[in-house]
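Work through these exercises with the structure in view. Try each task before reading its solution.

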Amino acid sequence: MNDFNLSSNGHLAIEAKDLSCYYGDFRAVKNVDLDIKQHAITALIGPSGCGKSTVLRAFNRMNDLIPVAHAEGEILFHGANIYAEGVDPVEIRRRIGMVFQKPNPFPKSIYDNVAWGAKINGFKGSKQEMDQLVEESLRDAAIWDEVKDKLDQSGLSLSGGQQQRLCIARTIAVKPEIILMDEPASALDPISTLRIEELIQELKKNYTIVIVTHNMQQAARASDFTAFFNMDNDRAGYLVEYNVTQTIFTSPAKELTDQYITGRFG
Amino acid sequence: MTREHFDRELNELRANTLALGSEVEQNIGKVSDALIRHNAVMAQRLIDFDERINTQRIEIMMSCLVLIATQQPMAKDMRFIATVIETVGELERIHDYVKGIAKTSLEIGSEMEMLPSFKEDFSRMAEITQDMLNKAMTAFSELDALLAKSLAHWDNQVDYLFNKLYIEIVNYASSSPDNIAHANQLEWTIHNMERGADRVVNICEWVVYMVTGVYAEFESEYDEFESPPAGRVNSENIT
């Protein structure tokens with residue numbers, strides 16, 4: 001049995017080693033080596049079809065939900081391969097949570113949206129402790145002040161930006177270590193987008209964040225590290241360059257990276 | 001191309017910066033001439049012209065700021081715009097030195113005599129500085145980091161001539177109290193030209209950053225002046 005409580009590296013949240021992802025016979029991503037730093041925000045950028053969302057979903061085995069999908073190589077979480085025999089993908093997804101592009105609150109009350117995840121993951125505390133957990137999660141998601149007086153109202157009654165922050169609160173409530181975000185602000189207005197970006201900056205104090213974004217300015221504003229992916233001639237996505245965000249956006253090492261971030265292709 | 005409009009804006013920025021550099025370069029030569037030949041008309045023209053340089057600098061800077069706000073330049077585009085902002089600032093300061101020399105030229109007038117070697121050495125300082133700026137703008141235009149780096153060596157020659165003239169001026173001032181005012185004026189002219197050459201080196205440092213992404217102040221390879229590079233400088237007159 002794999003023990004994900006022992007860290008072999010101390011400063012890396014996820015290590016992808018020679019990761020390739022397939023949908024049936026089609027290789028969507030090839031040979032990715034990528035180390036995700038703890039308590040940092042890592043942005044995955046690249047043109048459409050380059051495999052960045054596939055890589056993101058591989059980090060918590062969400063691709064398993066696609067019947068024809070499989071991965072080769074390793075993804076190490078606390079030094080142990082999450083694709084090894086016997087690993088429980090549900091437990092992986094609790095510890096490596098995900099927020100999606102389109103806010104997807106449950107058709108439940110705001111309170112129950114946050115509490116539900118904790119309950120099905122075995123929360124055994126009192127009602128008072130659950131109330132505390134819900135409040136903490138909503139505070140950490142920077143939405144408590146807006147909803148504290150209407151926790152019994154439907155999560156669907158909130159605005160798009162609020163719904164997304166509710167989804168983040170829901171993710172936080174199960175105490176993950178890593179939060180994966182697949183274009184979390186692309187469906188939101190500019191103000192809500194900036195609020196999400198501010199929230200991400202706060203969240204990284206306690207979590208590791210990996211974010212896929214099509215918005216290069218967002219990646220430049222909001223991330224500490226940036227990984228640029230591209231699609232090769234064989235249509236497989238590959239990692240072109242990975243570095244501190246400041247360097248990627250001021251002096252990238254690869255000409256292809258420079259062309260992409262200056263908008264000369266893609 | 002996916003950013004044609006932006007590329008046109010960048011090209012226009014480049015052209016305007018080169019035009020400004022060309023004007024400043026020419027005026028370095030003109031002010032040297034005005035000083036040496038006591039040409040008060042030219043000196044006044046250069047003083048009046050400085051306002052235009054200032055205006056052009058501000059216009060180019062504003063264009064840069066608009067591009068930053070509207071186009072979110074990244075990587076080499078961002079480095080180019082940053083270099084333009086710095087370069088036009090340096091060009092404006094170089095022309096301030098030109099204006100300062102022109103003013104001193106009017107103060108000196110035609111009655112006073114220059115030191116025996118002043119005319120030749122000051123002309124050479126101006127010549128080298130003018131050449132440096134010409135090549136710095138070429139390096140800027142052609143993204144030539146090596147050419148930019150090479151100009152630090154040329155600055156050493158300007159420094160050498162400055163030191164030589166400075167000693168002569170001090171000796172001149174020491175020889176008689178009547179000489180002090182004139183010596184002070186001459187000292188300001190060589191100071192301004194030497195600072196102008198330093199500002200050209202600053203431009204070169206930014207050109208290197210623009211091309212390589214790495215900013216570093218140049219370190220001189222030469223502790224003492226050695227032979228000058230090829231160019232308009234006559235190496236036989238440098239000892």
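**Exercise 1.** Which kind of contact do the side chains of B:Asp77 and A:Arg264 make?

*Solution.* Note first that this is a predicted model. Step one: look for a nitrogen of Arg and a carboxyl oxygen of Asp within 4 Å. Step two: read the N to O distance, which is 2.5 Å for A:Arg264 and B:Asp77. The pair therefore meets the cut-off of 4 Å and forms a salt bridge.

**Exercise 2.** Describe the side of chain A that touches chain B.

*Solution.* Start with the helices. H8 (216-222), H9 (245-250) and H10 (255-261) of chain A each give at least two residues to this side. Next, sort by class: six residues are nonpolar, five are polar and three are charged.

**Exercise 3.** How much area do chain A and chain B bury between them?

*Solution.* Interface size is often stated as the accessible area lost when the parts come together. Here chain A and chain B bury about 1100 Å². Carbon and sulfur atoms hold 49% of that area. Now count residues: 14 come from chain A and 14 from chain B. Seven residue pairs are in polar contact across the two chains.

**Exercise 4.** Does the radius of gyration of chain B agree or disagree with that of a compact globule?

*Solution.* Take the secondary structure: chain B has six helices and zero strands. A compact globule of 239 residues would have a radius of gyration near 18 Å. Chain B has 19 Å, so the two agree. Finally, check burial: 50% of the 239 residues of chain B count as buried.

Key. Residues numbered from 1 in each chain as written. Chains lettered and ligands numbered in written order. Predicted model: local features only at pLDDT ≥ 70, side-chain atom pairs only at ≥ 80, totals over all residues. Heavy atoms only, no water. Contact = heavy atoms within 4.5 Å. Buried area = accessible area lost by both parts, 1.4 Å probe. Polar contact = N/O pair within 3.5 Å; in protein donor to acceptor, adjacent residues only side chain to side chain. Helix = DSSP H or I, 4+ residues; strand = E, 2+ residues; numbered from the N terminus. Nonpolar A, V, L, I, M, F, W, Y, C, P; charged D, E, K, R; others polar. Rg over C-alpha atoms; globule rule 2.2 N^0.38 Å. Buried < 20%, exposed > 50% of the residue type's maximum accessible area, 1.4 Å probe, protein only.
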